[in-house]
Amino acid sequence: MATAVPHVPPKQDLPPPGGYKKIPFARVPPKSYFTGFTMIGTYVAVTAVGLGIYYLTAKKVRRDEIEMRSAQNVIFPLLIAERDREFLRQLRRNRDEEAELMKNVPGWEVGTWYGEPIFKTLPEDTLVTPIFKEFYAHADWKSYAKRAHLKLWS
């Protein structure tokens with residue numbers, strides 16, 4: 001037989017003696033660190049300093065741009081001359097390669113079509129700029145592809 005549990009009255013949760021504290025619900029304004037005049041003055045000061053720094057930086061950027069433009073103007077003729085020299089070198093390589101390829105063909109002269117000049121109305125010492133594929137006919141494929149894609153994108 002089971003032993004009976006003695007009857008204990010339930011313990012009720014009651015407020016502490018004297019009651020709970022009052023709930024604060026009144027508005028508590030935030031602490032004011034700066035006045036309106038102080039904030040406006042700070043804004044004006046920061047803006048003035050920022051504009052001063054911007055002015056000095058813009059002056060330096062303008063000076064650098066002038067210097068870079070002058071350097072480009074100075075080096076531009078040199079770059080054009082180098083480009084023209086490389087163009088003439090490639091034309092010479094093309095002629096040499098044509099001479100090497102066609103040396104066993106009877107009656108073939110370099111720069112002509114079996115002894116007939118290609119451009120009959122032009123003097124012999126006139127440079128005729130070749131078309132794109134003709135210019136790169138004897139160059140390696142990589143150079144041709146690089147230049148072809150450059151030409152497409154520019």
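Predicted model: local features only at pLDDT ≥ 70, side-chain atom pairs only at ≥ 80, totals over all residues.
Residues are numbered from 1 along each chain as its sequence is written, and side-chain values use heavy atoms, with hydrogens and water left out.

**Second largest pocket**
- About 500 Å³ of space lies in here (the volume is the space filled by probe spheres set on grid points, joined across faces, edges and corners).
- A pocket is an open set of points on a 1 Å grid over the protein atoms alone, where a 1.4 Å probe fits, with protein on both sides within 12 Å along at least five of seven lines; lining residues have an atom within 4 Å of a point.
- Its lining has 19 residues, with Phe 87, Phe 132, Phe 135, Tyr 136 and Arg 147 closest to the centre.
- Two or more lining residues come from each of H1, helix H2 (132-135) and helix H3 (141-153); helices are DSSP runs of H or I with at least four residues, strands are E runs of at least two, and both are numbered from the N terminus.
- By type, the lining splits into eight nonpolar, three polar and eight charged residues (nonpolar: Ala, Val, Leu, Ile, Met, Phe, Trp, Tyr, Cys and Pro; charged: Asp, Glu, Lys and Arg; polar: the others, Gly among them).

**Largest pocket**
- Its volume is about 1000 Å³.
- Of its 29 lining residues, Arg 95, Gly 111, Thr 112, Ile 118 and Phe 119 lie nearest the centre.
- Helix H1 (36-101) and strand S1 (112-113) are the elements giving two or more residues to this lining, and H1 gives the most, with five.
- This lining has 16 nonpolar, seven polar and six charged residues.
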